[in-house]
Amino acid sequence: MPASSRPVALIVRADVAVRDIAEAAARELTARLESRGFVLLPRTPPREAQDAVLARIEATFFALETERALGDVRTFLVQLERGEHGVVSPDALVRALLLLAEASAAASDGAASDAAVDRVLVAAPGIELDEARHSPVLRERLAARRARPGPARCALRVEDVPEGGRVLVDGEVPAARTHVLGGARIVQIVAPGYALETYVVDPCDHEATVTFAGARTADSLDALAGEPFDPVPRALSEALAPLGVDAYFLDARVTGGRVVYRFSHVDVVEHETSLDTPATRVADALDEGARARADEETRSARRRRRAAIIASSVGVATAAVTTGIVFAPRGPDGFRGQGTIEGEP
Amino acid sequence: MSARVHVLIALLLLGGCGAARRSRIDLPFRVRQPLRGQDGALDDRPLAGASRLRTWVERRDGERVDGSERDVTLPTSTFSLAPAPFGEDLVLRVDVLVGDTLLARGRSFPFDVTARGPSETPDVFVSSLGRFARRLAETAGGHVLAALPTQNGAILARADGALVRFSPAATIPFETLATRIEADARVAVVGERYLAAFSASMKSLVLVGPDGTLERTLTHAALERHGTGAMVAASPQGDALVIVGGLADTQGEDAMSVTRVDVPEDVGAVSVHPLASLPSTRSSGYAVWVEGSSPENVRVLVLGGLGSAAGTALLVDPRGAGSATALPGVDVTNATPTALTGGQVLLVGGAAGNDVRLLVVTASPPGLVLAAPAPPALSVARSAPALVRFAPEVVLVLGGTSGGGLVRSAELVDMREFPGETVQTGQLPSAITQPFAAYLRDGSAWLLDVSGTFAYVPPRGQ
């Protein structure tokens with residue numbers, strides 16, 4: 001297979017029974033393609049479950065390693081705010097904020113503790129603390145902060161959300177976007193075929209507008225991929241067209257107690273193996289097959305393929321132009337600063 | 001049509017679409033804080049207790065970009081700014097507040113941003129107002145005489161003749177350059193264009209550009225008349241400089257020579273002009289370029305130092321209409337002058353202790369008027385302090401000596417409204433013999449000392 005300067009997406013279409021193996025094999029194949037000079041659309045690395053991370057940090061805190069717990073929970077919140085844990089779990093967010101409040105109070109940083117409690121009251125206004133889990137100090141702090149006038153409710157402006165997209169605020173779909181409590185809120189946009197986007201905004205900042213950027217990733221395209229061995233769904237081909245992406249498919253279907261894998265782009269390599277075959281061996285077999293096919297190509301086949309690529313690039317370009325004309329108006333040219341605060345508060 | 005033409009058309013079309021998709025780009029930047037001191041002082045933690053950040057984009061002239069303001073609730077470690085249009089000479093501003101009280105602030109060096117990205121990462125250092133905070137672990141490596149501000153830092157001239165590129169946000173913040181100046185050179189900043197270094201031993205003047213390259217080395221018979229202790233004053237516009245006095249080793253006009261060097265756009269056309277001599281000898285004092293209300297009223301004020309009439313002031317017309325002696329009306333021994341606007345010169349400290357005086361240069365007849373009432377006095381008397389001027393009329397007073405000891409306190413003289421205000425503003429981080437601070441384009445003064453690199457964000461004038 002020749003190296004491509006165009007982005008490549010390896011799209012997985014697999015039965016539920018072998019989904020994990022197929023995805024692992026896809027990651028392996030992706031790494032090999034990348035080592036050969038292909039530009040790969042990114043995949044989201046698997047992350048530990050939010051609850052599991054929090055449980056570990058809570059154990060650290062209860063073991064009286066306050067400083068370490070404080071650092072860990074801050075890091076975890078930063079990861080949530082960057083979308084590194086995927087869609088925010090509302091429970092995990094509140095748990096993390098309460099832990100931050102407890103740990104900050106234990107570290108004699110009352111202002112940080114109050115700020116975390118305020119955020120809890122915004123994310124979960126009706127929260128009641130469990131006496132068995134939370135300290136009297138935190139319960140009193142929560143009661144005191146609750147007694148103060150809370151933030152206003154404001155309209156949340158989210159632009160360019162595609163059809164079928166959902167807006168989540170602190171991990172939940174707000175009852176009404178026009179009545180969202182102000183303060184630092186984690187706003188996420190989940191849309192089929194697009195990467196999850198995560199922003200931290202204050203809805204009451206009248207200048208704060210979230211604009212959906214519409215980035216694609218290999219994972220997001222997987223979600224549109226349809227059933228293994230079926231024709232490529234229209235939604236997927238439409239999503240690929242304006243991106244100028246070469247799509248490679250890894251199909252995996254269980255048939256008669258064995259798995260049939262098909263790895264296809266210009267060539268199709270099929271491989272049949274048992275259900276318990278490790279992902280690396282699946283990747284080995286498909287990759288070796290693909291390389292062998294590539295070596296066998298004749299000069300005339302290369303010419304035909306080149307012609308096909310030219311035709312498809314014109315088609316892609318035409319589609320892109322059409323898309324650009326229809327959807328290009330995304331507001332004026334400009335930039336949006338993305339700040340990261342270094343060091344401790 | 002050939003296949004190549006098809007490919008070309010496809011690439012062009014794709015390129016056009018790509019540009020359309022890049023109409024809005026993300027601009028990553030860091031909000032950086034001072035390095036933590038061993039005592040963990042609050043001055044080192046500008047975000048401690050803060051409830052929000054106020055951010056915006058402004059043009060270099062201070063005009064705020066419409067719609068770029070954004071409040072960010074703390075605690076958070078990441079945040080997005082409001083969208084802003086592409087532009088040149090933009091500055092990111094960050095204020096740190098609790099409620100409406102401003103705790104700290106910072107701003108980036110100016111940057112350009114287009115659809116292709118920014119000219120550089122516009123990191124913002126935030127510091128508590130009016131305090132010196134250690135910003136970098138590295139130092140300039142020696143005593144600094146002068147700093148030529150650049151887009152993202154400065155070119156520093158060290159007393160040992162080394163030139164150092166200072167880029168606070170870079171991985172290597174201090175980079176010693178191959179170019180050097182003479183170790184005995186008197187250095188002046190010529191506008192924002194050049195460092196001018198006059199060497200009394202080599203009788204030469206060199207001009208170093210903002211990229212650290214040696215733009216021009218000048219030798220001329222007029223320069224040979226100046227010797228040890230010659231003073232250099234440069235115009236703020238950077239189009240001329242004047243060399244005054246200095247003990248010449250030739251017979252004749254001893255320490256009375258004056259030379260103007262014109263620095264036009266084309267550095268190859270730099271010209272040297274001997275001017276009429278001073279009325280009395282002078283060396284090792286201060287020479288300050290004073291802008292008047294019109295080009296005819298520009299004067300170079302020479303104060304202090306050694307000479308046959310050292311207690312007087314000399315007013316040199318850089319256009320060549322001669323020099324005059326003026327009586328400053330106060331004892332100027334060991335006082336430090338700095339030019340303000342409109343022909344005003346601020347004179348701080350000296351033999352008289354804690355005096356702050358405002359002198360006004362008059363051109364016709366040439367003279368000095370001592371403004372009354374005088375600005376409020378310094379809290380701590382000191383001789384020969386270092387001064388850093390923040391635009392337009394706020395001056396930071398650093399260090400100096402008092403009773404044989406080094407003064408560590410800093411004070412701020414705010415002359416925006418006559419007769420001005422004088423306020424204390426923190427302490428130098430250590431006792432420094434000759435403190436040097438550079439006012440850079442990120443709006444802070446950088447104290448560059450062998451003991452450390454510290455920054456000061458002024459509470460006024462920004």
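Reply: The second largest cavity holds about 40 Å³ of space. The model is predicted. From chain A come A:Gly183, A:Ala184, A:Val200, A:Val201 and A:Asp202. From chain B come B:Arg70, B:Asp71, B:Val72 and B:Thr73.

E3(B) gives the most, with 4 residues. By class, the lining of the second largest cavity divides into 4 nonpolar, 2 polar and 3 charged residues.

How many cavities of 30 Å³ or more does the structure hold? There are 4. The largest cavity has a volume of about 50 Å³. Its lining counts 11 residues, and the closest to its centre are B:Arg105, B:Gly106, B:Arg107, B:Asp442 and B:Val457. Strand E6 (residues 101–107) of chain B provides the largest share of that lining, 3 residues. The classes there are 2 nonpolar, 4 polar and 5 charged.

Strand E8 of chain A leads on to an open space. E8 (197–201) also supplies at least two residues to the lining of the second largest pocket. Sorted by class, the lining of the second largest pocket has 17 nonpolar, 13 polar and 14 charged residues.

Now to chain B as a whole, the chain of E3(B). Its secondary structure comes to 1 helix and 40 strands. Chain B has 462 residues, and 53% of them count as buried. Contacts between residues at least 6 apart in sequence were also sorted by separation, and 50% of them join residues at least 24 apart. The accessible surface of chain B is about 18,200 Å², with 51% belonging to carbon and sulfur atoms.

One strand pair in chain B can be followed residue by residue. Strand E30 (residues 356–363) and strand E31 (residues 366–370) of chain B pair in the antiparallel sense over 5 bridges. A hairpin of 2 residues joins E30(B) to E31(B). Within this pair, B:Val360 has B:Val369 of E31(B) as its bridge partner.

The order is E2-E1-E10-E11-E12 (chain A), and the pairing is mixed. Strand E2 (39–40) and strand E12 (268–274) of chain A stand at the edges; each has a single partner strand, so one side of each lacks a neighbour in the sheet. Further in, strand E10 (residues 246–255) and strand E11 (residues 258–264) of chain A pair in the antiparallel sense over 7 bridges. There, A:Asp251 stands opposite A:Arg262 in E11(A).

Back to the starting point. The second largest cavity is lined by residues of chain A and chain B, with A:Asp202, B:Arg70 and B:Asp71 among them.

Notes:
Residues numbered from 1 in each chain as written. Chains lettered and ligands numbered in written order. Predicted model: local features only at pLDDT ≥ 70, side-chain atom pairs only at ≥ 80, totals over all residues. Heavy atoms only, no water. Buried < 20%, exposed > 50% of the residue type's maximum accessible area, 1.4 Å probe, protein only. Contact = heavy atoms within 4.5 Å. Areas by Shrake-Rupley, 256 points an atom, 1.4 Å probe, with all protein chains shown as cover. Nonpolar A, V, L, I, M, F, W, Y, C, P; charged D, E, K, R; others polar. 1 Å grid on protein atoms, 1.4 Å probe; cavity = no way out; pocket = protein on both sides within 12 Å on 5 of 7 lines; lining within 4 Å. Points joined across faces, edges and corners; volume = space filled by probe spheres on them. Pairing = 2+ DSSP bridges.
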